[in-house]
Amino acid sequence: MRETVDIVVSGGGIAGLTAAAAFGSQGYSVLCVDPTPPVMAEADPSSDLRTTAFLQPSVKILETAGLWHRFAAHATPLQVMRIVDAGGDTHEPRVSHDFNAADISDQPFGWNLPNWLLRRECVARLEELPNVTFRPGVGTKSLLTRETAALIGLSDGTSVSARLLVAADGRNSPMRAALGIGVRTTRFGQKALAFAVTHPMPHDNVSTEIHRSGGPFTLVPLPDRDGKPCSAIVWMETGPEVARLAALPDAEFEAEMNIRSCGVLGELRLATRRTVWPIISQIAERFNGERTALMAEAAHVVPPIGAQGLNMSLADLTALVDLATPDNLGSAEMLRAYHRRRYPDVALRVAGVGMLNRASMIAAQPMRDMRARMLDMMYSTSPVRHALMKMGIGVS
């Protein structure tokens, strides 16, 4: 027996769950599936300890999805982005500049939340929508597209017909592969450590990115933890160095972490376990197939710099929701328009973030000195500084 829905969302990550909530809130019948049930508690050994900063333009689609009021109660504002260059002979800040959202807006740059909490709130929202079904533990297994519908075979043996398939099933997307859409992948030889820390000095809603070599060391504000200021850290380094750091006992790891942090928030103490994530850059050849839209990491992957990743995914979703109508849902015209709207912006951001990442990896001292001079130059010119801030958060 074949089920029929308006939309199938393949992928139950934050992007896929948000897509199901957004389309469900618009009245479409939606089935969302993912072979791996979402982990929704920080203490779970497999929980995602990364955080996501939602930039200003993402709030509108989250409101459309009925999610923003759920997220806002747990969100920490990001008012200032502080860039620190510590690329001198010693692990000391030698250049530090603040990019303040007040220079361009009456709102913060964005709001930061833990990924495990986002999944919890997304699933709770889907349970409120009678026209949305979420089936964790069930994945998409096969795809046959026709001019009028996508026929999706699920891992539990059932078959579903949908007018639109939203492939939000990750960087190794099986639905993208089924459509024969290729990808261009760049590997940086990096991995990232993600974890949370407490510290004696308040973060004052400042996100701090420290550059030396190997990749940025970024501290992002979180709510206080056990009465102490708390931040999430993403520490990017070469693969072998991350493997070495991940294997250190806590005390030795904390010692190295405090050297790398340059003491900007005082002595850091681990508040969670350490998790390791691969770093790549990737973009699909196209974001549309017959009756199918690629979004999120099925379409693009960037290193975790400048909070671009999930915000690009939500820009994908915004475009899809804007272009969809009950009459044209999943049509070739709608999907071509989606590709035209999103591909140029995504290609620009993938290239830009890749360049920033390579600059952050520089080890040679003369090149690190040049990087520090470039930061000074960008900051000292107000029009350039303001333009960079607006481009970074995606506002005109």
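Asparagine 205 is partly exposed, with a relative accessible area of 25%; buried stands for under 20% relative accessible area, exposed for over 50%, and partly exposed for what lies in between, using a 1.4 Å probe and protein chains only. The structure is a predicted model, in which local features need pLDDT of at least 70 and side-chain atom pairs count only at pLDDT 80 or more, while totals for chains, interfaces and linings use all residues. Residues are numbered from 1 along each chain as its sequence is written, and side-chain values use heavy atoms, with hydrogens and water left out.

Asparagine 205 sits in the loop between E12 and strand E13 (206-211). Helices (H or I, at least four residues) and strands (E, at least two) are DSSP runs, numbered from the N terminus. Although asparagine 205 is not a glycine, its phi is positive, about 60°. Most residues other than glycine have a negative phi. Aspartate 226 also has a positive phi, near 55°, and is a residue other than glycine. Its place is the loop between strand E14 (217-225) and strand E15 (228-238). Aspartate 226 is exposed, at a relative accessible area of 74%.

Strand E12 covers residues 183-198 and holds glutamine 190. With a relative accessible area of 4%, glutamine 190 is buried. What does glutamine 190 touch, not counting residues up to four places away in sequence? The list is Gly214, Gly215, Met236, Glu237, Thr238, Gly239, Pro278, Ile279, Asn357 and Met361, where contact means heavy atoms within 4.5 Å.

Isoleucine 181 lies in the loop between helix H5 (174-178) and E12. Isoleucine 181 is buried, with a relative accessible area of 6%.

Arginine 70 belongs to helix H3 (residues 68-72). Is arginine 70 buried or exposed? At 17% relative accessibility, arginine 70 counts as buried. Apart from neighbours within four places in sequence, arginine 70 is in contact with Glu121, Ala124, Arg125 and Glu128. Between arginine 70 and valine 206 there are 23 Å from C-alpha to C-alpha, at a sequence separation of 136 residues.

Next come the nonpolar cores. A nonpolar core is a set of buried Ala, Val, Leu, Ile, Met, Phe, Trp, Tyr and Cys residues joined through side-chain atoms within 4.5 Å. The largest nonpolar core has 79 residues, and those with the most contacts inside it are Ile7, Phe23, Phe54, Phe71, Leu164, Met295 and Leu317. Another core lies apart from it, with 19 residues that include Val84, Phe195, Met257 and Cys262. Phenylalanine 23 is in contact with Ile7, Tyr28, Val30, Leu164, Val166, Leu317, Leu320, Val321 and Ala324, leaving aside its neighbours within four places in sequence.

The second largest pocket has a volume of about 330 Å³. On a 1 Å grid over the protein atoms alone, a pocket is an open set of points where a 1.4 Å probe fits, with protein on both sides within 12 Å along at least five of seven lines, and lining residues have an atom within 4 Å of a point. Grid points are joined across faces, edges and corners, and the volume is the space filled by probe spheres set on the points. The lining has 19 residues, of which Pro57, Asn311, Ala315, Arg342 and Gly394 lie nearest the pocket's centre. Helix H2 (58-64), helix H8 (309-323), helix H9 (332-361) and helix H11 (382-393) are the elements that give two or more residues to this lining. H8 gives the most, with 7 residues. By type, the lining divides into 8 nonpolar, 6 polar and 5 charged residues; Ala, Val, Leu, Ile, Met, Phe, Trp, Tyr, Cys and Pro count as nonpolar, Asp, Glu, Lys and Arg as charged, and the others, Gly among them, as polar.

Helix H11 also contains serine 382, which is partly exposed at 33% relative accessible area. The C-alpha atoms of serine 382 and threonine 158 are separated by 58 Å.

Last are the cysteines. A disulfide is a pair of cysteine sulfur atoms within 2.5 Å, and by this rule the count comes to 0 disulfides. For cysteine 32, the nearest cysteine sulfur is that of cysteine 122, 9.6 Å away. Cysteine 32 is buried, with a relative accessible area of 0%. The sulfur of cysteine 230 is 20 Å from the closest cysteine sulfur, in cysteine 262, which is too far for a bond. Cysteine 230 is also buried, at 2% relative accessibility.
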